[in-house]
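Me: Please take a close look at one part of this model for me. I would like a helix pair first, then its surroundings.

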Amino acid sequence: MAVGLFDTRTPLAPLREEIAAAIERVVASGSYILGPEVSAFEAEFAGYCGASHAVGVANGTDAITIALRAMGVGPGDEVVVPSFTFYASAEAIPPTGATPVFCDIDPVTYCVSTETVRAALTPRTKAVIVVHLFGNVAPVAEIEALGVPVLEDAAQAAGSTSAAGRPGALGTAATWSYFPSKNLGCYGDGGMITTSDEGIAERARTLRFHGSHDKVTYELVGYNSRLDELQAAILRVQLPHLDAWADGRRAAGRHYEEAGLGELVRLPQPTDGSQPAWHLYVVGHPDVARLESALAAAEIGHKAYYRTPIHRQAAMRAWGAGVELPGTEEAARTHLAIPMSPVLTQAQADQVVAAARAARV
Ligand SMILES: Cc1ncc(COP(=O)(O)O)c(C=O)c1O
(Lines give C-alpha, C1' and ligand atoms only; values in the text may rest on other atoms or scores of the structure.)
Protein backbone atom coordinates (compact mmCIF):
# COMPACT_ATOMS: atom_id res chain seq x y z
CA MET A 1 0.00 0.00 0.00
CA ALA A 2 1.59 3.30 -1.11
CA VAL A 3 -0.34 5.35 1.47
CA GLY A 4 -2.53 3.54 4.00
CA LEU A 5 -5.97 4.77 5.06
CA PHE A 6 -4.78 4.85 8.72
CA ASP A 7 -1.49 4.87 10.54
CA THR A 8 -2.07 3.88 14.15
CA ARG A 9 1.42 2.40 14.67
CA THR A 10 3.74 5.36 14.01
CA PRO A 11 2.23 7.72 16.63
CA LEU A 12 2.29 4.96 19.27
CA ALA A 13 5.83 3.74 18.53
CA PRO A 14 7.59 6.24 20.85
CA LEU A 15 5.20 5.24 23.68
CA ARG A 16 5.75 1.48 23.48
CA GLU A 17 8.02 1.21 26.51
CA GLU A 18 5.80 3.42 28.64
CA ILE A 19 2.75 1.39 27.63
CA ALA A 20 4.57 -1.88 28.35
CA ALA A 21 5.44 -0.54 31.83
CA ALA A 22 1.80 0.44 32.40
CA ILE A 23 0.64 -3.06 31.41
CA GLU A 24 3.23 -4.61 33.74
CA ARG A 25 2.05 -2.34 36.59
CA VAL A 26 -1.51 -3.66 36.18
CA VAL A 27 -0.41 -7.29 35.87
CA ALA A 28 1.71 -6.94 39.01
CA SER A 29 -1.18 -5.34 40.91
CA GLY A 30 -3.52 -8.29 40.35
CA SER A 31 -6.43 -5.83 40.05
CA TYR A 32 -8.08 -6.05 36.64
CA ILE A 33 -11.66 -4.77 36.92
CA LEU A 34 -12.78 -1.37 38.29
CA GLY A 35 -9.57 -0.58 40.12
CA PRO A 36 -7.32 2.47 40.48
CA GLU A 37 -6.38 2.77 36.77
CA VAL A 38 -10.02 3.08 35.67
CA SER A 39 -10.78 5.60 38.45
CA ALA A 40 -7.70 7.66 37.57
CA PHE A 41 -8.41 7.60 33.83
CA GLU A 42 -12.07 8.52 34.44
CA ALA A 43 -10.93 11.59 36.40
CA GLU A 44 -8.30 12.51 33.80
CA PHE A 45 -10.63 12.08 30.83
CA ALA A 46 -13.49 14.00 32.49
CA GLY A 47 -11.00 16.81 33.20
CA TYR A 48 -9.81 16.76 29.59
CA CYS A 49 -13.38 17.13 28.30
CA GLY A 50 -14.42 19.68 30.91
CA ALA A 51 -17.13 17.36 32.30
CA SER A 52 -17.66 16.58 35.99
CA HIS A 53 -17.93 12.81 35.62
CA ALA A 54 -16.68 10.00 33.41
CA VAL A 55 -17.87 6.40 33.58
CA GLY A 56 -15.76 3.76 31.84
CA VAL A 57 -17.67 1.06 29.95
CA ALA A 58 -16.80 -1.85 27.67
CA ASN A 59 -17.22 -0.11 24.28
CA GLY A 60 -18.78 2.87 22.55
CA THR A 61 -21.97 1.01 21.65
CA ASP A 62 -22.75 0.01 25.25
CA ALA A 63 -21.89 3.58 26.22
CA ILE A 64 -24.82 4.86 24.13
CA THR A 65 -27.35 2.31 25.44
CA ILE A 66 -26.28 2.88 29.05
CA ALA A 67 -26.18 6.68 28.71
CA LEU A 68 -29.66 6.75 27.15
CA ARG A 69 -31.06 4.60 29.96
CA ALA A 70 -29.28 6.77 32.54
CA MET A 71 -30.97 9.79 30.89
CA GLY A 72 -34.33 8.11 31.52
CA VAL A 73 -34.98 6.79 27.99
CA GLY A 74 -37.19 3.70 27.93
CA PRO A 75 -40.12 1.93 26.26
CA GLY A 76 -42.55 4.26 24.49
CA ASP A 77 -39.93 6.97 23.97
CA GLU A 78 -38.43 8.15 20.70
CA VAL A 79 -34.75 8.97 20.20
CA VAL A 80 -33.76 11.06 17.18
CA VAL A 81 -30.56 9.88 15.50
CA PRO A 82 -28.89 10.62 12.15
CA SER A 83 -28.91 7.85 9.56
CA PHE A 84 -25.53 8.86 8.10
CA THR A 85 -23.23 7.56 10.87
CA PHE A 86 -21.77 4.27 12.04
CA TYR A 87 -24.54 1.72 12.57
CA ALA A 88 -23.95 1.54 16.35
CA SER A 89 -25.30 5.08 16.86
CA ALA A 90 -28.79 3.73 16.06
CA GLU A 91 -28.28 0.08 17.02
CA ALA A 92 -27.82 1.15 20.64
CA ILE A 93 -31.35 2.61 20.86
CA PRO A 94 -33.73 -0.43 20.61
CA PRO A 95 -32.11 -2.23 23.59
CA THR A 96 -33.43 0.65 25.76
CA GLY A 97 -36.97 -0.12 24.60
CA ALA A 98 -37.17 3.20 22.73
CA THR A 99 -37.70 3.74 19.01
CA PRO A 100 -35.06 5.25 16.70
CA VAL A 101 -36.34 8.17 14.60
CA PHE A 102 -33.97 8.96 11.76
CA CYS A 103 -33.09 12.55 10.94
CA ASP A 104 -31.18 14.07 8.04
CA ILE A 105 -27.73 15.67 7.98
CA ASP A 106 -26.17 18.64 6.24
CA PRO A 107 -24.21 16.89 3.44
CA VAL A 108 -21.55 19.64 3.55
CA THR A 109 -20.57 19.08 7.22
CA TYR A 110 -21.90 15.48 7.52
CA CYS A 111 -23.46 16.55 10.86
CA VAL A 112 -27.06 17.08 11.97
CA SER A 113 -28.30 20.68 12.14
CA THR A 114 -31.07 22.32 14.18
CA GLU A 115 -33.31 22.16 11.08
CA THR A 116 -32.79 18.44 10.43
CA VAL A 117 -33.36 17.60 14.10
CA ARG A 118 -36.39 19.87 14.43
CA ALA A 119 -38.06 18.06 11.52
CA ALA A 120 -37.83 14.75 13.42
CA LEU A 121 -39.09 15.91 16.83
CA THR A 122 -42.45 14.70 18.16
CA PRO A 123 -44.08 14.91 21.62
CA ARG A 124 -42.56 11.45 22.31
CA THR A 125 -38.95 12.56 21.66
CA LYS A 126 -36.98 11.88 24.83
CA ALA A 127 -33.47 12.53 23.55
CA VAL A 128 -31.45 13.37 20.45
CA ILE A 129 -28.21 11.60 19.58
CA VAL A 130 -25.95 14.13 17.91
CA VAL A 131 -22.96 12.49 16.20
CA HIS A 132 -19.71 14.46 15.81
CA LEU A 133 -19.10 12.61 12.59
CA PHE A 134 -15.56 12.18 11.25
CA GLY A 135 -14.42 14.53 14.06
CA ASN A 136 -16.52 17.50 12.97
CA VAL A 137 -18.42 19.08 15.89
CA ALA A 138 -22.21 19.28 15.57
CA PRO A 139 -24.09 22.30 17.00
CA VAL A 140 -25.11 20.80 20.34
CA ALA A 141 -26.22 23.90 22.27
CA GLU A 142 -28.47 25.05 19.42
CA ILE A 143 -30.12 21.64 19.28
CA GLU A 144 -30.54 21.41 23.05
CA ALA A 145 -32.19 24.87 22.84
CA LEU A 146 -35.02 23.13 20.94
CA GLY A 147 -35.94 21.78 24.39
CA VAL A 148 -34.69 18.21 24.16
CA PRO A 149 -31.69 16.61 25.92
CA VAL A 150 -28.73 15.85 23.66
CA LEU A 151 -26.50 12.80 23.92
CA GLU A 152 -23.28 13.51 22.01
CA ASP A 153 -21.92 10.46 20.18
CA ALA A 154 -18.32 11.63 20.32
CA ALA A 155 -16.77 8.29 19.29
CA GLN A 156 -14.99 9.93 16.33
CA ALA A 157 -14.21 13.31 17.91
CA ALA A 158 -11.45 12.88 20.51
CA GLY A 159 -9.17 15.91 20.19
CA SER A 160 -11.71 18.09 18.35
CA THR A 161 -12.65 21.49 19.74
CA SER A 162 -15.44 24.00 19.18
CA ALA A 163 -16.16 27.58 20.19
CA ALA A 164 -18.34 26.16 22.98
CA GLY A 165 -15.62 23.82 24.28
CA ARG A 166 -14.64 20.23 23.69
CA PRO A 167 -17.07 17.47 22.77
CA GLY A 168 -17.97 15.52 25.89
CA ALA A 169 -19.22 18.53 27.82
CA LEU A 170 -21.46 20.24 25.25
CA GLY A 171 -24.72 18.33 25.84
CA THR A 172 -26.49 16.47 28.65
CA ALA A 173 -24.11 13.50 28.28
CA ALA A 174 -21.63 12.15 25.76
CA THR A 175 -20.30 8.77 24.72
CA TRP A 176 -16.86 7.68 23.52
CA SER A 177 -15.28 4.68 21.85
CA TYR A 178 -11.65 3.73 22.35
CA PHE A 179 -11.72 1.18 19.50
CA PRO A 180 -8.07 0.86 18.36
CA SER A 181 -8.42 2.93 15.17
CA LYS A 182 -10.06 5.88 16.98
CA ASN A 183 -8.18 9.16 17.64
CA LEU A 184 -7.66 7.88 21.19
CA GLY A 185 -7.64 4.09 20.91
CA CYS A 186 -6.85 1.29 23.34
CA TYR A 187 -5.54 -2.24 22.72
CA GLY A 188 -8.98 -3.83 22.48
CA ASP A 189 -12.51 -2.56 23.10
CA GLY A 190 -13.26 0.30 25.46
CA GLY A 191 -15.73 3.13 25.93
CA MET A 192 -16.70 6.05 28.18
CA ILE A 193 -19.68 8.17 29.19
CA THR A 194 -19.02 11.77 30.21
CA THR A 195 -21.56 14.07 31.84
CA SER A 196 -21.81 16.89 34.35
CA ASP A 197 -25.14 15.54 35.64
CA GLU A 198 -24.53 13.70 38.88
CA GLY A 199 -27.73 11.63 38.63
CA ILE A 200 -26.90 10.42 35.10
CA ALA A 201 -23.35 9.52 36.17
CA GLU A 202 -24.63 7.62 39.19
CA ARG A 203 -27.20 5.65 37.15
CA ALA A 204 -24.61 4.87 34.47
CA ARG A 205 -22.22 3.56 37.16
CA THR A 206 -24.97 1.32 38.51
CA LEU A 207 -26.07 0.11 35.05
CA ARG A 208 -22.53 -0.88 33.98
CA PHE A 209 -22.25 -3.02 37.13
CA HIS A 210 -25.30 -5.33 36.73
CA GLY A 211 -27.59 -2.60 38.07
CA SER A 212 -25.92 -2.89 41.45
CA HIS A 213 -23.62 -1.08 43.85
CA ASP A 214 -22.35 -4.12 45.68
CA LYS A 215 -23.08 -7.21 43.51
CA VAL A 216 -25.33 -8.43 46.32
CA THR A 217 -28.42 -6.27 45.87
CA TYR A 218 -29.72 -5.33 42.39
CA GLU A 219 -31.80 -2.17 41.76
CA LEU A 220 -31.91 -2.29 37.96
CA VAL A 221 -31.55 -4.80 35.17
CA GLY A 222 -28.17 -3.62 33.98
CA TYR A 223 -25.12 -4.80 32.09
CA ASN A 224 -21.71 -6.26 32.65
CA SER A 225 -19.94 -3.43 30.79
CA ARG A 226 -16.74 -2.01 32.21
CA LEU A 227 -13.58 -0.47 30.84
CA ASP A 228 -10.88 -2.78 32.22
CA GLU A 229 -7.75 -1.83 34.14
CA LEU A 230 -5.32 -2.76 31.35
CA GLN A 231 -7.10 -0.59 28.78
CA ALA A 232 -7.39 2.30 31.24
CA ALA A 233 -3.66 2.12 32.01
CA ILE A 234 -2.85 2.14 28.27
CA LEU A 235 -5.17 5.09 27.68
CA ARG A 236 -3.59 7.04 30.56
CA VAL A 237 -0.24 6.92 28.75
CA GLN A 238 -1.83 8.19 25.54
CA LEU A 239 -4.16 10.95 26.79
CA PRO A 240 -1.38 13.58 27.29
CA HIS A 241 -0.50 13.15 23.59
CA LEU A 242 -4.04 13.49 22.22
CA ASP A 243 -3.87 17.22 21.51
CA ALA A 244 -0.55 16.89 19.63
CA TRP A 245 -2.05 14.04 17.56
CA ALA A 246 -5.11 16.21 16.89
CA ASP A 247 -2.80 18.99 15.66
CA GLY A 248 -1.17 16.41 13.39
CA ARG A 249 -4.56 15.49 11.91
CA ARG A 250 -5.35 19.15 11.27
CA ALA A 251 -1.90 19.62 9.69
CA ALA A 252 -2.62 16.63 7.43
CA GLY A 253 -5.81 18.39 6.28
CA ARG A 254 -3.73 21.48 5.46
CA HIS A 255 -1.26 19.32 3.50
CA TYR A 256 -4.15 18.15 1.32
CA GLU A 257 -5.30 21.75 0.80
CA GLU A 258 -1.77 22.86 -0.10
CA ALA A 259 -1.50 19.99 -2.59
CA GLY A 260 -4.57 21.36 -4.38
CA LEU A 261 -7.06 18.65 -3.41
CA GLY A 262 -9.80 21.26 -3.27
CA GLU A 263 -9.59 21.67 -7.07
CA LEU A 264 -10.53 18.00 -7.51
CA VAL A 265 -13.06 17.11 -4.81
CA ARG A 266 -15.29 18.70 -2.14
CA LEU A 267 -13.12 19.05 0.96
CA PRO A 268 -14.53 18.29 4.42
CA GLN A 269 -15.85 21.50 5.96
CA PRO A 270 -15.63 22.26 9.70
CA THR A 271 -18.88 23.39 11.32
CA ASP A 272 -18.95 27.04 12.46
CA GLY A 273 -16.31 27.68 15.11
CA SER A 274 -15.00 24.11 15.26
CA GLN A 275 -11.50 22.74 14.82
CA PRO A 276 -12.01 19.08 13.99
CA ALA A 277 -9.35 16.49 14.75
CA TRP A 278 -10.27 14.65 11.56
CA HIS A 279 -10.82 11.01 12.51
CA LEU A 280 -11.61 10.23 8.89
CA TYR A 281 -10.82 12.67 6.10
CA VAL A 282 -13.92 12.35 3.96
CA VAL A 283 -14.12 14.09 0.60
CA GLY A 284 -17.06 14.33 -1.79
CA HIS A 285 -17.27 13.78 -5.51
CA PRO A 286 -20.30 13.42 -7.82
CA ASP A 287 -18.62 10.54 -9.71
CA VAL A 288 -17.00 8.91 -6.71
CA ALA A 289 -16.46 5.57 -8.47
CA ARG A 290 -13.82 7.23 -10.69
CA LEU A 291 -12.04 8.61 -7.65
CA GLU A 292 -12.15 5.14 -6.03
CA SER A 293 -10.58 3.45 -9.06
CA ALA A 294 -7.92 6.15 -9.45
CA LEU A 295 -6.87 5.71 -5.81
CA ALA A 296 -7.02 1.91 -6.05
CA ALA A 297 -4.76 1.96 -9.13
CA ALA A 298 -2.17 3.98 -7.19
CA GLU A 299 -2.53 1.79 -4.05
CA ILE A 300 -3.89 4.68 -2.00
CA GLY A 301 -6.09 3.62 0.93
CA HIS A 302 -9.73 4.69 0.62
CA LYS A 303 -13.10 3.56 1.92
CA ALA A 304 -16.77 4.40 1.53
CA TYR A 305 -17.94 3.99 5.11
CA TYR A 306 -21.68 4.53 4.89
CA ARG A 307 -22.75 3.88 1.27
CA THR A 308 -26.02 2.38 2.60
CA PRO A 309 -27.32 4.67 5.33
CA ILE A 310 -28.71 3.10 8.49
CA HIS A 311 -32.39 3.73 7.79
CA ARG A 312 -32.06 1.52 4.70
CA GLN A 313 -30.28 -1.36 6.49
CA ALA A 314 -32.33 -4.56 6.79
CA ALA A 315 -32.19 -4.64 10.59
CA MET A 316 -33.72 -1.15 10.79
CA ARG A 317 -36.64 -1.88 8.46
CA ALA A 318 -39.20 -1.46 11.24
CA TRP A 319 -38.10 2.14 11.82
CA GLY A 320 -36.48 3.15 8.54
CA ALA A 321 -38.99 2.10 5.89
CA GLY A 322 -40.48 5.07 4.04
CA VAL A 323 -38.12 7.60 5.64
CA GLU A 324 -36.79 10.14 3.14
CA LEU A 325 -33.52 11.91 3.91
CA PRO A 326 -32.12 13.75 0.86
CA GLY A 327 -28.97 15.10 2.54
CA THR A 328 -28.16 11.63 3.83
CA GLU A 329 -28.65 10.07 0.39
CA GLU A 330 -26.38 12.66 -1.21
CA ALA A 331 -23.62 12.10 1.37
CA ALA A 332 -24.00 8.32 1.10
CA ARG A 333 -23.63 8.46 -2.70
CA THR A 334 -20.69 10.90 -2.91
CA HIS A 335 -18.45 10.41 0.15
CA LEU A 336 -15.07 8.73 0.27
CA ALA A 337 -12.52 8.56 3.09
CA ILE A 338 -8.90 9.04 2.02
CA PRO A 339 -5.74 8.56 4.11
CA MET A 340 -5.62 10.43 7.44
CA SER A 341 -3.41 10.12 10.49
CA PRO A 342 -1.55 12.41 12.92
CA VAL A 343 1.66 11.72 10.97
CA LEU A 344 0.50 12.05 7.35
CA THR A 345 3.25 14.02 5.57
CA GLN A 346 3.10 16.64 2.83
CA ALA A 347 4.80 14.10 0.52
CA GLN A 348 2.07 11.53 1.22
CA ALA A 349 -0.66 14.13 0.68
CA ASP A 350 1.02 15.11 -2.61
CA GLN A 351 0.99 11.43 -3.63
CA VAL A 352 -2.72 11.05 -2.87
CA VAL A 353 -3.58 14.24 -4.75
CA ALA A 354 -1.40 13.27 -7.73
CA ALA A 355 -3.25 9.94 -7.96
CA ALA A 356 -6.60 11.73 -7.95
CA ARG A 357 -5.37 14.30 -10.46
CA ALA A 358 -3.96 11.70 -12.85
CA ALA A 359 -7.45 10.32 -13.32
CA ARG A 360 -8.79 13.88 -13.71
CA VAL A 361 -11.58 13.09 -11.29
C1 LIG B 1 -19.97 7.25 15.53
C2 LIG B 1 -19.75 5.97 16.29
N3 LIG B 1 -20.62 5.63 17.26
C4 LIG B 1 -20.45 4.51 17.98
C5 LIG B 1 -19.38 3.67 17.75
C6 LIG B 1 -19.31 2.39 18.53
O7 LIG B 1 -18.15 2.23 19.25
P8 LIG B 1 -17.60 0.75 19.59
O9 LIG B 1 -17.06 0.16 18.33
O10 LIG B 1 -16.54 1.00 20.61
O11 LIG B 1 -18.74 -0.04 20.15
C12 LIG B 1 -18.43 4.01 16.78
C13 LIG B 1 -17.21 3.24 16.49
O14 LIG B 1 -17.02 2.12 16.33
C15 LIG B 1 -18.64 5.18 16.00
O16 LIG B 1 -17.78 5.53 15.03
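At what angle do helix H4 and H8 pack, and how far apart are their axes?

Reply: A caution first: this is a predicted model. Helix H4 covers residues 60-70, and it packs against H8 at an angle of about 130°. The two axes lie 8 Å apart. That angle makes H4 oblique to H8, because angles over 145 would be needed for roughly antiparallel and 65 to 115 for roughly perpendicular. The crossing of H4 past H8 is right-handed.

Now the residues at the contact. H4 contributes Ile66, Arg69 and Ala70. From H8 come Ile200, Arg203, Ala204 and Leu207. Sorted by class, the contact of H4 with H8 has 5 nonpolar residues and 2 charged ones.

Follow the chain onward from H8. Helix H8 spans 198-207, and a loop connects it with helix H9, at 229-238. His210 sits in that loop. Its backbone deserves a look. Most residues other than glycine have a negative phi. His210 has a positive phi, near 60°. The residue is partly exposed, with a relative accessible area of 27%.

The buried set includes Ala232, Ala233, Ile234, Leu235 and Val237. Glu229, Gln231 and Gln238 are buried too. What covers them? Among the covering elements are helix H1 (9-12), helix H2 (16-29) and helix H3 (36-49). Helix H10 (242-258) is also one of them.

Glu299 has a phi near 55°, and it is not a glycine either. Its place is the loop between helix H11 (288-297) and helix H12 (317-320). Glu299 is partly exposed, at 46% relative accessible area.

Last, the strands. Strand S2 (residues 78-82) runs parallel to S3, and 5 bridges join the two. Strand S3 takes in residues 99-103 and is mostly covered, with 4 of its 5 residues buried.

Definitions and conventions:
Residues are numbered from 1 along each chain as its sequence is written. This is a predicted model: local features need pLDDT of at least 70, side-chain atom pairs count only at pLDDT 80 or more; totals for chains, interfaces and linings use all residues. Side-chain values use heavy atoms; hydrogens and water are left out. Buried means under 20% relative accessible area, exposed over 50%, partly exposed in between (1.4 Å probe, protein chains only). Two strands pair if DSSP finds at least two bridges between them. Axes are lines fitted to C-alpha atoms, for helices over the stretch in contact, and angles run from 0 to 180 degrees between N-to-C directions. Angles under 35 degrees count as roughly parallel, over 145 as roughly antiparallel, 65 to 115 as roughly perpendicular and the rest as oblique. A crossing is left-handed if the near helix is turned anticlockwise from the far one by less than a right angle, and right-handed if clockwise. Contact means heavy atoms within 4.5 Å. Ala, Val, Leu, Ile, Met, Phe, Trp, Tyr, Cys and Pro count as nonpolar, Asp, Glu, Lys and Arg as charged, and the others, Gly among them, as polar.
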